[in-house]
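Reader: I have a structure to study for class. Could we go through some of its features together?
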Amino acid sequence: MKRYKMMIAGLANPHAALYVNGAGRDTRLLDVIAISDFDQSRLDLAKNRAGSAADSIAFYNDYIAMFDAHPEADAVMIGSDNIDHFAMFKEAVKRGLHIYMMKVISMDEDECRQMIEIEKSYDKVIAVELELHFNPQFANAKRLIEEGKIGEIKSIYLTNISQSPCNYYKNWGDPLLSYGKRIPIRKGMNTWRGGAITDHPHPYDVVRWLTGAEFKTVNAVCADNQRSHLAVEDHAAITGVLSNGVKYFINPSYSNLEERCDVRRLYWPKSLECNLKVTGTKGYISVDFFDRHSYVLGPGFPSPNRMIVEGVPRMDGGLDDSLVGSFVAAIEGRISKPETGLADSYAAVRVMNAAYESIYHGKTITLEQE
C-alpha cells in the first residue's frame, strides 16, 4: 500500500492541525512531511500535537518556500484563512499536486467558478473536507431516504450550531480573513459577514446530499449579536424551498454559549450540535450527531469542575469510507472522484451568500439553477 506524502499549507482552520497526528485521516495512507504557516504560534501548536512525529516534519513560515523545498510531495492540504484559498489553490495546481481543501473553498463566487473551470482540465484529484458525508448517523439517514422508508420528503430541519470559535481563533472573527471583504450584515450595522453562516457550510451541503435537490429560495433573518464584542454575525435562521418543493429550515448559529477563556473548552455547555429531522409522507427520521447523554459535575476535568460523558457511537467503515480514504481512492482510480469536491462547496457557498443577501436586503432570494 502506497503512503502518499502530504504538505499542509496553513493552519488557520483548526481542522488542518488535527490531521498532523492522525485525526481525520487514516495514517496508513498519508505521511505529513511539511507544514507552513506565517503564524509561529500555530506552527508551535502543530509541533506539540505531532509529538515524536514532529521530528520527521519540516516547518516553514511561507508556503511557497515549502512547495519549493518538497518537489517529492504528492499532495497538499490547504488550511489557510478563506481569503488565501484561491492563491494557494493556483500555486498547488502550478506544481501539479493533488489538492485537499478545507471548507469553504472561497466566499467569492467568481473564485469558486474559476477553480471549478481549472479542475475540468486538471489531471490530479481535488477534494474538499465536508465530513458529515462520512458520519454513520447521516449516512444511515440517507440510506433510509433512498430506500423510501419515510416516503416522499415533505420537510427537512437541520441545525449546525456551536459555541463561537472566534474567542479562541481570533482569525475566524476577522471578516476580511473569513469572508474576504467587509460587508455589513445589514445596512448601518457594525456587524460584518463572515461569522456563523460562513463557518457552517455543512447544513446546505447535507440538505443537497440527502435530497438530491438544489436550493430554490432562501429567506434569512438575523438580529443583533448575542456577543456584542464580535465583529461578525453569531447567529441566523434560514428557511425556504428546494427545487423539488421540499421546505427546509436551517440554523447555523453560534447559539451555544462558551466559557470566556483563552483555551477552547468543548465540554460545557453542550458545545456542538448537528441535528437532522426529516419528515416524509410515511415516516420521520431524527439524527443527533453530537449527542451527549449525561452531564457530570466534578473537580479535575478540562472544563472547570465539569465534564460531559460522550454517548455517540463511533462506527468505522472500510478503508475508503473516510475523508482521506475517499481522496486516496480517487487518486488511485478506484473511484471516479472523491465523495466531496469543489462543486459541493460552491453549491453551499451560493446558498450562504444568498442568505447574506436576504438579511441585507430583507427579502427572499431566488437562486437561479446553474
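Reader: Is Thr-191 buried or exposed?
Author: In this predicted model, Thr-191 counts as buried because its relative accessibility is 10%, and buried means under 20%.

Reader: Where does Thr-191 lie, and which residues does Thr-191 touch?
Author: Thr-191 lies in the loop between α7 (175-179) and α8 (196-199). Leaving aside residues up to four places away in sequence, Thr-191 touches Ile-183, Pro-184, Ile-185, Asn-225, Ala-231, Val-232 and Glu-233.

Reader: Now to salt bridges. How many does the structure hold?
Author: The structure holds 19 salt bridges. One of them pairs Lys-2 with Asp-74, with the closest N and O atoms 3.8 Å apart.

Reader: Which parts does that pair tie together?
Author: Lys-2 is in the segment before β1 (4-9) and Asp-74 is in the loop between α3 (63-69) and β4 (75-78), so the pair ties together parts that are 72 residues apart in sequence. Lys-2 counts as partly exposed, at 45% relative accessibility, whereas Asp-74 counts as buried, at 18%.

Reader: What about Asp-234 and Arg-227?
Author: Their side chains meet in a salt bridge at 3.0 Å, N to O. Asp-234 is buried at 0% relative accessibility, and Arg-227 is buried with a relative accessible area of 4%.

Reader: Changing topic, at what angle do α6 and α9 pack?
Author: Helix α6 (residues 136-146) and helix α9 (residues 202-211) pack at about 35°, and their axes are 9 Å apart. The residues of this contact divide into seven nonpolar, no polar and one charged.

Note on methods:
Residues numbered from 1 in each chain as written. Predicted model: local features only at pLDDT ≥ 70, side-chain atom pairs only at ≥ 80, totals over all residues. Heavy atoms only, no water. Axes fitted to C-alpha atoms, helices over the stretch in contact; angles between N-to-C directions. Helix = DSSP H or I, 4+ residues; strand = E, 2+ residues; numbered from the N terminus. Nonpolar A, V, L, I, M, F, W, Y, C, P; charged D, E, K, R; others polar. Buried < 20%, exposed > 50% of the residue type's maximum accessible area, 1.4 Å probe, protein only. Contact = heavy atoms within 4.5 Å. Salt bridge = Lys/Arg side-chain N within 4 Å of Asp/Glu carboxyl O.
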